Amino acid sequence: MVVKRTPHAAPGRARRGRPLIHDEAWSKVSVVLMDRQIVRLDRLVSEIHRSTGAVLTRAGVIRALVDGVVASGLDVSRVSSEFDLRDRIASRFKRRGLKPTAFRHPHRES
């Protein structure tokens with residue numbers, strides 16, 4: 001994982017790139033997402049914009065999801081894999097009566 005610390009621009013000096021929208025220290029990281037995850041994020045961003053008019057980005061949704069899971073108090077200290085973590089998060093927030101979304105699981109292919 002590549003981590004790039006991004007200091008705030010010095011006073012009087014123009015900052016290149018996108019404008020700062022965060023008032024706390026941040027790092028730019030690169031992660032690999034599956035195509036299905038990108039499609040779902042894009043649909044979610046579009047649904048939010050269509051229903052509320054709010055403009056969110058993929059990154060904003062990902063940050064909100066991370067903060068939401070962390071703030072939920074879900075104990076994930078004993079997870080054994082990425083898939084176990086995903087399943088625990090999903091079961092914690094799943095509404096009753098909904099069918100589980102089909103995710104590919106390399107160890108549970110039917």
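**Salt bridges and the fold**

Mentor: Happy to. Let's start with glutamate 47 and arginine 40, whose side chains form a salt bridge at 3.5 Å, N to O. The term means a side-chain nitrogen of Lys or Arg within 4 Å of a carboxyl oxygen of Asp or Glu. Keep in mind that this is a predicted model, where local features need pLDDT of at least 70, side-chain atom pairs count only at pLDDT 80 or more, and totals for chains, interfaces and linings use all residues. Residues are numbered from 1 along each chain as its sequence is written, and side-chain values use heavy atoms, with hydrogens and water left out.

Trainee: How exposed is glutamate 47?

Mentor: Glutamate 47 is partly exposed, at 35% relative accessible area. Arginine 40 is partly exposed too, at 43%. Here buried means under 20% relative accessible area, exposed over 50%, and partly exposed in between (1.4 Å probe, protein chains only).

Trainee: And which residue does arginine 58 meet in a salt bridge?

Mentor: Aspartate 42, at 2.7 Å from N to O. Arginine 58 belongs to helix 2 (residues 58-71) and aspartate 42 to helix 1 (residues 35-52), so this pair ties together parts 16 residues apart in sequence. Helices are DSSP runs of H or I with at least four residues, strands are E runs of at least two, and both are numbered from the N terminus.

Trainee: What's the accessibility of those two?

Mentor: Arginine 58 has 39% and aspartate 42 has 31%, and each counts as partly exposed.

Trainee: Which partner does aspartate 87 have?

Mentor: Arginine 86, with the closest N and O atoms 3.0 Å apart. Aspartate 87 is partly exposed at 25%, and arginine 86 is partly exposed at 22%.

Trainee: How many salt bridges are there in the whole structure?

Mentor: Four.

Trainee: Switching topic: what lies over the face of phenylalanine 93?

Mentor: Arginine 92, at 5.9 Å from the ring centre. A charge sits over a ring if NZ of Lys or CZ of Arg is within 6 Å of the ring centre and within 35 degrees of the ring normal.

Trainee: Now zoom out. What pattern does the chain follow?

Mentor: Along the sequence the protein chain reads β-β-α-α-α, which gives three helices and two strands.

Trainee: And how much of the chain is buried?

Mentor: Buried residues make up 9% of its 110 residues.
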